[in-house]
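Dear colleague,

Please find below the structure that I am handing over to you. The notes that follow it set out what was found there.

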Amino acid sequence: MTTLPGRPHTALLVIDVQNGVMAGSHDRDGVIANINTLVGKARAEDVPVLWVQHADDQLQRDSERWQYVPELVRHDAEPLVHKNYSDSFEGTELETLLAERGVGRVIVTGAQTDACIRSTLHGAFVRGYDVTLVGDAHTTEDLSAYGAPPPGQVIAHTNLYWHGQLAPGRRGDTVSTAEVTFAGGDAG
């Protein structure tokens, strides 16, 4: 259903699963295991996997905190997108990389739910992509000391509101790792 003509393919996005981001994240190990499952499935089905890596004052480029977690291994042929904003499309080559691969649907995983995941969901959707959020493959840290709900509630709320998103010619949805399909037009 994407509004991007001639782009029938799907890609998996792995966003900001970096040491400094994941250190205090909710269900860290479970989320990383689910992302690993999805990366393996995407590779087996010859679906593009694109990795996104954030840099800012707390995640200094080339620092240990900036590095991807050791449990996830990017293949050299898989693009690595460097970003400085929450939306993975802003100021990056992500759109160009997806267009080159004929991608009109993205499957979103990673961190943090209430920042880069939400921004990228909306950024992709308004750019014409169908966008599937993997509900058990994204996470965030506990920001309740600053007035946010506990991380489990942030994740649950994001999963709830993204499920069944509709706009002219495109849709968003939330599925579990087990429900993900990379074929266009399917539920996951």
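**The surroundings of K83**

The backbone oxygen of Y85 lies 3.1 Å from a polar atom of the K83 side chain. K83 itself belongs to strand 3; helices (H or I, at least four residues) and strands (E, at least two) are DSSP runs, numbered from the N terminus. With a relative accessibility of 1%, K83 counts as buried. Here buried means under 20% relative accessible area, exposed means over 50%, and partly exposed is in between (1.4 Å probe, protein chains only). The side chains of K83 and D16 are joined by a polar contact of 2.8 Å. A polar contact is a pair of N or O atoms within 3.5 Å; within protein, one must be able to donate a hydrogen and the other to accept it, and residues adjacent in sequence count only if both atoms are side-chain atoms. Leaving aside residues up to four places away in sequence, K83 touches I15, D16, V52, Q53, H54, A55, S88, T92 and C116, where contact means heavy atoms within 4.5 Å.

Please note that this is a predicted model, in which local features need pLDDT of at least 70 and side-chain atom pairs count only at pLDDT 80 or more, while totals for chains, interfaces and linings use all residues. Residues are numbered from 1 along each chain as its sequence is written, and side-chain values use heavy atoms, with hydrogens and water left out.

**Aromatic rings**

How many aromatic pairs does the structure hold? There are four aromatic pairs. Rings of Phe, Tyr and Trp (its six-membered ring) pair if their centres lie within 6.5 Å; planes under 30 degrees apart count as stacked, over 60 as edge-to-face and the rest as tilted. W51 and Y68 form an edge-to-face pair, at 5.2 Å centre to centre and with 80° between the planes. Because W51 lies in strand 2 (residues 49-54) and Y68 in the loop between strand 2 and strand 3 (80-83), this pair ties together parts that are 17 residues apart in sequence. Both W51 and Y68 are buried.

The ring centres of Y161 and W162 are 6.2 Å apart and their planes stand at 80°, so this pair is edge-to-face. Y161 is partly exposed, at 23% relative accessible area, whereas W162 is buried, at 0%. Ring pairs link F125, Y161 and W162 into a cluster. R170 lies over the face of F125, at 5.1 Å from the ring centre; a charge sits over a ring if NZ of Lys or CZ of Arg is within 6 Å of the ring centre and within 35 degrees of the ring normal.

**Helix 5**

Helix 5 (residues 151-162) has twelve residues. Its buried residues are P151, V154, I155, T158, N159 and W162. Seen down the axis of helix 5, they fall within an arc of 130° (taken from the directions from the helix axis to the C-beta atoms), so they line one face of the helix. These buried residues pack against helix 4 (113-126), strand 5 (130-139), strand 6 (165-167) and strand 7 (170-175). Just after helix 5, G164 takes a positive phi of about 80°.

**Backbone details**

The peptide bond from A111 to Q112 is cis, with omega near -15°. D27 has a positive phi of about 50° although it is not a glycine, and D27 is partly exposed, at 45% relative accessible area.

How values were computed
Expected span 1.5 Å × (residues − 1).
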